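Hi everyone, thanks for making time.

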Amino acid sequence: MLQGHQSWIFREKPVIQSTATVVGPDESEGPLVNDFDIVHGDLTLGQDSWEKAERALMEEAGKLAVENAGLTKEQVQFYVGGDLMNQIISNTFAARTWSIPYIGIFGACSTSMEGLALASLIIDSGSAKYAMTGTCSHNCTSEKQFRYPTEYGSQKPPTAQYTVTGAGAAVLARKGDGPVVTGATIGKVTDMGIKDPFNMGAAMAPAAVDTIQAHFRDFKREPGYYDLIVTGDLAKVGYDIACELFEKHKVPMNQTTYKDCGMMVYDIENQAVMAGGSGCGCSAVVTYGHIMKKLRKGELKRVLVVATGALLSPLSFQQGENIPCIAHAVAIESGAQ
């Protein structure tokens with residue numbers, strides 16, 4: 001199953017049997033609103049804390065993904081998930097509700113594809129018949145933990161990003177109809193010396209480019225193999241830097257369409273989201289909502305999703321540490337012969 005130096009090829013091609021996405025009010029004002037399953041009109045979801053609201057997002061997405069697969073939670077052997085909160089409490093508490101055997105992971109905003117890669121590995125190896133993966137984020141919990149309390153109303157520079165309030169989940173199976181996962185490339189941690197938590201796009205862009213180059217090397221492919229390549233949440237600043245790096249390294253991205261989930265989920269020209277979207281939920285809701293619908297309709301045949309993550313913590317930032325970053329890539333195909 002090892003392909004090249006840091007990739008896996010899935011011979012059994014795990015099937016993405018179902019997906020589910022749940023978002024908040026800001027995401028409902030973006031261009032992808034019709035691709036989400038559940039849209040909430042307020043940020044609290046009827047809960048008495050932001051953290052409980054984020055957990056509720058994850059619980060809803062997971063429950064709906066299982067139902068969309070025509071299964072019960074008792075039939076799902078493993079759940080692989082994580083989020084941005086300390087000790088990944090949103091997913092841990094959601095897993096408590098579902099009572100599904102749980103593998104908790106942390107990849108910051110790269111968690112969506114880290115989870116999909118690991119769930120695919122579990123299915124491909126024959127270790128489970130059904131596995132679920134998911135992740136979530138909430139604008140107010142992320143602001144509270146990593147920057148300033150929402151009530152503080154601090155001003156942000158244009159390089160800053162807006163954390164997506166949303167959750168996405170997918171159920172994978174050994175057999176069935178639907179898009180298939182054909183391979184994954186596990187990224188390496190990169191550190192470009194950036195310390196500014198309001199400039200995540202610049203910090204993460206080199207990690208995205210490094211993983212994409214590794215994917216092409218390991219699979220002996222060029223960008224044109226894919227109809228679409230998307231990065232997770234570089235937003236406008238990071239996207240522009242990534243394009244410059246592709247050009248510098250002579251990666252012919254002009255062979256394909258290259259987009260970024262952080263620029264897709266919002267109308268960045270008309271919404272107050274600074275450079276664009278971020279958060280674990282960013283690539284999750286775009287991939288499991290918008291992109292999955294296009295794959296199922298046959299409008300896309302081959303997609304490479306490269307989720308990016310900044311691996312800082314409030315403590316590391318307070319101690320003046322750099323922001324190490326990572327990106328994980330997953331290749332998804334329509335499944336049509």
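Before I point at anything, one term: a residue is called buried if its relative accessible area is under 20%. And please keep in mind that what you see is a predicted model.

Okay, let's begin with alanine 117. You'll find alanine 117 in helix 3, residues 111-124. Is alanine 117 buried or exposed? Its relative accessibility is 0%, so with that cut-off of 20% alanine 117 is buried. And what does alanine 117 touch, if we skip the neighbours within four places in sequence? The contacts are Trp8, Phe10, Ala184, Ile186 and Val330. For a sense of scale, take glutamate 321, which is 204 residues away from alanine 117 along the chain: their C-alpha atoms are 29 Å apart.

Two of those contacts, Trp8 and Phe10, bring me to the aromatic rings. How many aromatic pairs does the structure hold? There are seven. In one of them, tryptophan 8 and phenylalanine 10, the ring centres are 6.4 Å apart and the planes meet at 55°, so we call that pair tilted. Phenylalanine 10 is also buried, at 1% relative accessibility.

Now compare that with tyrosine 239 and tyrosine 258. Here the centres are 4.7 Å apart and the planes are at 20°, so this pair is stacked. The pair connects distant parts of the chain, since tyrosine 239 belongs to helix 6 (residues 235-248) and tyrosine 258 to strand 12 (residues 257-260), 19 residues apart. Elsewhere, Tyr79, Trp98 and Tyr102 make up one aromatic cluster.

Look at arginine 96: its charged end sits over the ring of phenylalanine 93, at 4.6 Å from the ring centre. Arginine 302 has its charged end over the ring of tyrosine 225, and there the distance to the centre is 3.9 Å.

In soluble globular proteins, nonpolar side chains tend to be buried together. In this model, the largest nonpolar core has 43 residues, and the members touching the most other members are Leu116, Leu172, Val265, Val286, Ile291, Val330 and Ile332. Which element gives the largest share of this core? That's helix 8, residues 280-297, with eight residues. Take valine 286 as an example: leaving out residues up to four places away in sequence, valine 286 touches Leu32, Cys261, Met264, Val265 and Ile291. There's also a second, separate core of 34 residues, including Val251, Ala310, Leu312 and Ala329.

While we're on helix 8, histidine 290 is found there as well. Histidine 290 has a relative accessible area of 13%, which means it counts as buried. Beyond its neighbours within four places in sequence, histidine 290 is in contact with Leu32, Asp35, Met264 and Val285.

Last stop: strand 3, residues 15-23. Why do we say strand 3 is largely enclosed by the rest of the structure? Because eight of its nine residues are buried. On the pairing side, strand 3 runs antiparallel to strand 9 (residues 166-173) over eight bridges, and isoleucine 16 stands opposite leucine 172 there. With strand 4 (residues 38-39), strand 3 pairs in the parallel sense over two bridges, where valine 22 stands opposite isoleucine 38.

Definitions and conventions
Residues are numbered from 1 along each chain as its sequence is written. This is a predicted model: local features need pLDDT of at least 70, side-chain atom pairs count only at pLDDT 80 or more; totals for chains, interfaces and linings use all residues. Side-chain values use heavy atoms; hydrogens and water are left out. Rings of Phe, Tyr and Trp (its six-membered ring) pair if their centres lie within 6.5 Å; planes under 30 degrees apart count as stacked, over 60 as edge-to-face and the rest as tilted. Buried means under 20% relative accessible area, exposed over 50%, partly exposed in between (1.4 Å probe, protein chains only). Helices (H or I, at least four residues) and strands (E, at least two) are DSSP runs, numbered from the N terminus. A charge sits over a ring if NZ of Lys or CZ of Arg is within 6 Å of the ring centre and within 35 degrees of the ring normal. A nonpolar core is a set of buried Ala, Val, Leu, Ile, Met, Phe, Trp, Tyr and Cys residues joined through side-chain atoms within 4.5 Å. Contact means heavy atoms within 4.5 Å. Two strands pair if DSSP finds at least two bridges between them.
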